[in-house]
Amino acid sequence: MFERFTKGARATVTGAVTHAERTGADSVTEEHLLLSLLDQEGSRASFAVAALGLTDRRASLEASLAEARRRGGLTKADTEALAGIGIDVTEIVARVEDAHGEGVLAGDRSTRRWWSARRPFTGGAKSILEKSLRIALGRRDRFIGEEHLLLALTAGPGVVADVLAEHGATYSTVERALYGAGGEGQGQALAG
């Protein structure tokens, strides 16, 4: 599949590995893919990201992602659902952090495997790469570009899609920014 990736999509994937290394993460996640995608310039996806105002709100995106990590990867929808049955996730996080230290639920490990030259991709990150292929095929594109990765990040449930939606970047708004009103819906059925 990687041979179908454009130069920009490959740069996004390798940039995600760099983000994971920089933060000391044991594996490459969907979040790393998003952050790397936000770093890219001069592509259709970067123009869509700018048009949606995400470039100017990168700090807010990163803060929302950090807050989700702090909640142990729970989305806001998960947190609200638990609140609906009387479970206060904020209180639980506070108690766990009081007992074990701030950020303990974020999964940041200080005992990083320093000898490992490669970082594996999480199941979620692999799923994004697979979704990008399905979206490209659904659009009848012969390549997988950064725009397909961006659409894949918005296509399913999860923290990254949740944070992007909070910032106005849903599958449909990204698709409109990428292809205009006439390009909607072509890859949606295959994205899910």
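A helix axis here is a line fitted to C-alpha atoms over the stretch in contact, and the angle between two axes runs from 0 to 180 degrees between N-to-C directions. With that in hand, helix 3 (residues 44-51) and helix 8 (residues 146-155) can be described: their axes come within 7 Å and cross at roughly 45 degrees. Angles under 35 degrees count as roughly parallel and those from 65 to 115 as roughly perpendicular, so helix 3 and helix 8 are oblique to each other. The model is a predicted one.

The chain has 192 residues, and 43% of them count as buried. Among contacts in the chain with a separation of 6 or more, 65% join residues 24 or more positions apart. The chain exposes about 10,300 Å², of which carbon and sulfur atoms supply 52%.

Back at the crossing, the helix 3 side of the contact consists of Arg44, Ala45, Ala48 and Val49, which meet Glu146, Glu147 and Leu150 in helix 8. Sorted by class, this contact has four nonpolar residues, three charged residues and no polar ones.

Helix 3 can also be read by burial. Its buried residues are Ala45, Ser46, Ala48 and Val49. Because these cover an arc of only 160 degrees around the axis, they lie on the same side of helix 3. What does this buried set pack against? The partners are helix 2 (30-39), helix 8 and helix 10 (171-179). The face turned away from the buried side carries Phe47 and Ala51, which are exposed. Just after helix 3 comes Gly53, with a positive phi of about 80 degrees.

Is Arg4 buried or partly exposed? Its relative accessibility is 32%, so Arg4 counts as partly exposed; the partly exposed class falls between the buried limit of under 20% and the exposed limit of over 50%. Leaving aside residues up to four places away in sequence, Arg4 touches Leu133, Leu137, Arg142, Phe143 and Ile144. The C-alpha atoms of Arg4 and Ala136 are separated by 9.9 Å, although the two residues are 132 residues apart along the chain.

Technical notes: Residues are numbered from 1 along each chain as its sequence is written. This is a predicted model: local features need pLDDT of at least 70, side-chain atom pairs count only at pLDDT 80 or more; totals for chains, interfaces and linings use all residues. Side-chain values use heavy atoms; hydrogens and water are left out. Buried means under 20% relative accessible area, exposed over 50%, partly exposed in between (1.4 Å probe, protein chains only). Contact means heavy atoms within 4.5 Å. Accessible areas come from the Shrake-Rupley method with a 1.4 Å probe; for residues, only the protein chains shown count as cover. Helices (H or I, at least four residues) and strands (E, at least two) are DSSP runs, numbered from the N terminus. Angles under 35 degrees count as roughly parallel, over 145 as roughly antiparallel, 65 to 115 as roughly perpendicular and the rest as oblique. Ala, Val, Leu, Ile, Met, Phe, Trp, Tyr, Cys and Pro count as nonpolar, Asp, Glu, Lys and Arg as charged, and the others, Gly among them, as polar. The arc is that of the directions from the helix axis to the C-beta atoms.
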